[in-house]
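Reader: I am new to this model and would like a close look at one part of it. Please start with the whole and then work down to that part.

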Amino acid sequence: MRRFRFAFAMMLICLAASGRAATVYTGDVIDGVRVVSALDVSDLEAGKKHRFLFQGVEMATGQRWYVPFMVAKGVNPGKKVLLSAGVHGDELSPTDVLQRSFAELDPARMSGTVLAVLDIARPAMEQIRRKWPTPVWGGKLLDLNRVWPGREDGNVAQRQAWLVWNRLFKGNVDAALEFHTGATGTDFALFVFADLRKPENRSLAELFPVAQIKDDAGYSGTLETAFMEAGIPAITPEVGGGRSFDRPKIEACVEGVRNVLAHYGVTERKVGRTADQAQAFVGNDMEAIRASRGGFVETLVTAGAKVSTGQTVAIQRNSFGDVVEEYKAGVDGVVAILTTDALLEPGSRIVEILTKSPKCEKDGCTYREEDE
Ligand SMILES: [Zn+2]
């Protein structure tokens with residue numbers, strides 16, 4: 001018994017010293033899929049695709065939210081690339097990007113690993129809404145993209161982030177592609193957020209054949225910035241608007257994933273169409289034009305359109321049809337985000353223009369979403 005204890009202790013010390021966690025199977029199987037509470041991709045059989053449910057955070061009923069994920073583990077070692085979707089529950093095109101990208105992988109010919117993690121804010125997805133609904137104070141909404149890398153003893157969103165970060169991502173990610181879309185009620189051009197001050201982020205961003213790239217310093221609490229703070233390159237591609245599939249933008253992002261995997265030598269493909277070939281507009285600042293009045297808004301531009309200073313981008317009318325306001329671009333640039341809701345309260349965002357601003361050149365500027 002004593003010898004056994006000693007051997008067991010030595011094994012734990014060796015595991016700790018090697019920095020390796022281990023995949024932990026809970027023993028549960030849900031709809032034929034095995035449940036894990038921790039992942040170490042080095043445990044998985046090479047040359048194969050695997051699918052699991054990750055045992056996520058415990059809810060008020062004592063039950064758990066499960067996070068579906070897939071691993072394509074190449075026959076040869078190499079870079080470990082994360083594709084993530086569903087940190088916001090109303091952003092659905094990213095799911096299609098992940099499914100399509102994963103389907104075309106052949107692990108028998110890969111060097112490295114692709115980890116695709118979906119439905120991370122699952123209760124938000126069940127309601128197709130951005131934020132995670134909780135029973136606290138009679139119903140409170142939490143933004144899962146403001147809490148990374150989470151807290152073990154925090155609120156439900158912080159605990160979910162902590163579990164996913166520490167038990168699912170940690171040790172399994174060398175580079176991260178964190179997919180999002182515009183919020184419900186907006187359209188978003190084909191766009192990538194990236195901190196271009198870091199050369200590897202720049203490479204990743206430029207491998208996407210997108211229309212627009214925003215050099216963005218990022219901010220703590222987002223998953224992209226949590227990776228950057230951990231020294232792992234990460235970018236946030238935006239795949240159009242919320243709630244629906246945007247087919248052309250999905251196709252372009254699948255091309256981007258293909259290029260990133262080719263760039264890292266995970267697949268044997270050649271890099272295809274990039275941001276350069278798509279003649280991407282690279283900006284470092286956003287001008288938000290907000291409604292100064294309540295009323296019905298007619299937008300005169302589309303997401304992706306070029307605009308110049310002084311150009312009228314929207315007209316607003318009251319209920320009688322009288323024009324109450326005209327909105328003009330204050331900068332030269334391209335339309336990144338555009339309202340699709342035609343009725344706006346004062347202060348609501350109508351359009352967001354990506355532009356190049358000298359004040360953002362040195363230290364970078366950070367884009368913050370409208371509800372903050
Ligand atoms: Zn989002």
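Reader: What percentage of the 372 residues in the protein do the buried residues make up? After that, please look closely at the largest nonpolar core.

Author: Buried residues make up 46% of the 372 residues; a residue is buried if 20 or more other C-beta atoms lie within 10 Å of its own, exposed if 12 or fewer, and partly exposed in between, with C-beta atoms placed from the backbone. This is a predicted model, in which local features need pLDDT of at least 70 and side-chain atom pairs count only at pLDDT 80 or more, while totals for chains, interfaces and linings use all residues. Residues are numbered from 1 along each chain as its sequence is written.

First, the whole. The protein has seven helices and 22 strands; these are DSSP runs numbered from the N terminus, helices being H or I with at least four residues and strands being E with at least two. The C-alpha atoms fill a box of roughly 85 × 50 × 40 Å along the principal axes. The radius of gyration, taken over C-alpha atoms, is 22 Å, which agrees with the value near 21 Å that a compact globule of 372 residues would have; the globule rule is 2.2 Å times the number of residues to the power 0.38. Among contacts between residues at least 6 apart in sequence, 63% join residues at least 24 apart, where two residues are in contact if their C-beta atoms, placed from the backbone, lie within 7 Å.

Now the core. The largest nonpolar core has 96 residues, and Val210 and Ala336 touch the most other members; such a core is a set of buried Ala, Val, Leu, Ile, Met, Phe, Trp, Tyr and Cys residues joined through C-beta atoms within 7 Å. Its largest share, seven residues, comes from helix H4 (residues 156-169). Domain 1 (25-263) and domain 2 (285-357) both give residues to this core, so the core lies between them. Leaving out residues up to four places away in sequence, Val210 touches Leu190, Phe191, Val192, Ala252, Ala275, Ala278 and Ala280.

The two domains come next. The protein is divided into domain 1 and domain 2, with bounds from an automatic or database domain assignment. Their centres, taken over C-alpha atoms, are 31 Å apart. Each side of the contact is made of 11 residues. On the side of domain 1 that touches domain 2, strand S10 (186-188) and S12 are the elements that give two or more residues, and S10 has the largest share, three residues. By class, that side has four nonpolar, five polar and two charged residues; Ala, Val, Leu, Ile, Met, Phe, Trp, Tyr, Cys and Pro count as nonpolar, Asp, Glu, Lys and Arg as charged, and the others, Gly among them, as polar.

The buried residues of H5 (residues 199-206) are Asn201, Leu204, Ala205 and Glu206. In the loop between S13 and H7 lies Arg243, which has a positive phi of about 75 degrees although it is not a glycine. Arg243 counts as partly exposed, with 16 C-beta neighbours inside 10 Å.

The loop between strand S8 (140-142) and H4 holds Pro149, and the peptide bond that joins Trp148 and Pro149 is cis, with omega about 5 degrees.
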